[in-house]
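Please open the model in your viewer and keep the selection panel at hand. The stops below go from charged side-chain pairs to a helix packing.

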Amino acid sequence: MSKASVILYITVGILVLFLISYSPKKKSDHDHHHGGHNQHHRLKLRSSFNFKPTRHDPIPFDPIVADMERRREDKEWERQHIEHSHPELVSHSHKAATGGVHDAAPGHESQPEWEDFMDAEDYLNDQERFNITDRLVSLFPKIDVSPTDGFVTESELTEWNMQSSAKEIMHRTQRDMDVHDRNKDGFISFAEYEPPSWVRNSDNNSFGYDMGWWKEEHFNASDANGDGLLNLTEFNDFLHPADTKNPKLLLWLCKEEVRERDSDKDGKISFEEFFHGLFDTVRNYEEDNHNATHPYHDLPEGPAKQLFSQLDKDGDGYLSDVELLPIISKIHPTEHYYAKQQADYIISQADSNKDGRLTLAEMIEHPYVFYSAIFDNEDDSDDDYNFHDEFR
């Protein structure tokens, strides 16, 4: 770190200490409005989890919170895995609980430990052990890195979210791989892999099943080196194809889009099939990224026809799987898209002077923005911020 950066952070640190010492110890109307860490607001951990890889929950801003939720999720995942994979153990455990059998099932110890869970929430709400201001002071220099200038920009916050997201995703992938890698050789063959329960329990017309997300073609497209096995990176791509750099898998995504959208089953996408579905998805993506262009506001089909014409490289009036490649990342957004969405939301709420970036003082002034995914307003009277609703 340069001498100028050191001086900058010393100055900011002194300012923070001044703000902390100046702020009243008792709760105030200001604390209540800004989601202060007081009796009206309690930090809560998620208590329910969706194990579909296509989900996009808000990314915990704080690594400590992320670690707590990861541990909680692991316990819930283990419980569901035992229920689906070893129902006889669950039945045995139920009998034990009701007095039918005296010995608990082997899976009994892996059930969610609510005492530990509540202890974790108590920790988060103990200002002596988990002080939000101290956490923000600690995390700020880890985010402010490109460059280190005393401001957190959208790109820096997006990168911070990306790092957190990548860690979460790889953790889940490793967890799934440990289950399916039956011979423990560090690879997964198609014979070893079983579709997750939400696919096994669905009918043949459901989205995940019909699109072939768990079929051999998907597996082979994920096998970048063609050795018939998936290593950890390839298996991660298999579970999260939107983020892959593997051209085979990206083309597979395009083929599945054609298969899903091709209502007349001629193997290609007509303009009508494009307009009623795909175009809305692309337009929504562009509007979210503030770069939408609609030259024909009074003609709804105008922009769609323009985009369709740009994609239809051979001019045959239809879109093939290859011709969908330029927009596949808009149809299936990457983790970067969601990380940027979250960064945009945070800055929009905490940027007091509206200069498009955050100072440490602004972050300390708006703690609810960074921890709103787990804030619970007990009286629900004037809590104007709900990150979950905004982000979804």
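The structure holds 17 salt bridges, each a side-chain nitrogen of Lys or Arg within 4 Å of a carboxyl oxygen of Asp or Glu. This is a predicted model, in which local features need pLDDT of at least 70 and side-chain atom pairs count only at pLDDT 80 or more, while totals for chains, interfaces and linings use all residues. Residues are numbered from 1 along each chain as its sequence is written, and side-chain values use heavy atoms, with hydrogens and water left out.

Glu-73 lies in helix 3 and Arg-172 in helix 7, so the pair ties together parts that are 99 residues apart in sequence; helices here are DSSP runs (H or I, at least four residues) numbered from the N terminus. Glu-73 is buried at 2% relative accessible area, and Arg-172 is buried at 18%, where buried means under 20%, exposed over 50% and partly exposed in between (1.4 Å probe, protein chains only).

Arg-71 is exposed at 56% relative accessibility, whereas Asp-67 is partly exposed at 28%.

Finally, display helix 7 (residues 154–180) with helix 11 (residues 232–239), which pack at an angle of about 105 degrees with their axes 10 Å apart, the axes being lines fitted to C-alpha atoms over the stretch in contact and the angles running from 0 to 180 degrees between N-to-C directions. The two helices are therefore roughly perpendicular, a term for angles of 65 to 115 degrees. Their contact (heavy atoms within 4.5 Å) includes Ile-169 and Met-170 of helix 7 and Phe-235 of helix 11.

Notes:
Angles under 35 degrees count as roughly parallel, over 145 as roughly antiparallel, 65 to 115 as roughly perpendicular and the rest as oblique.
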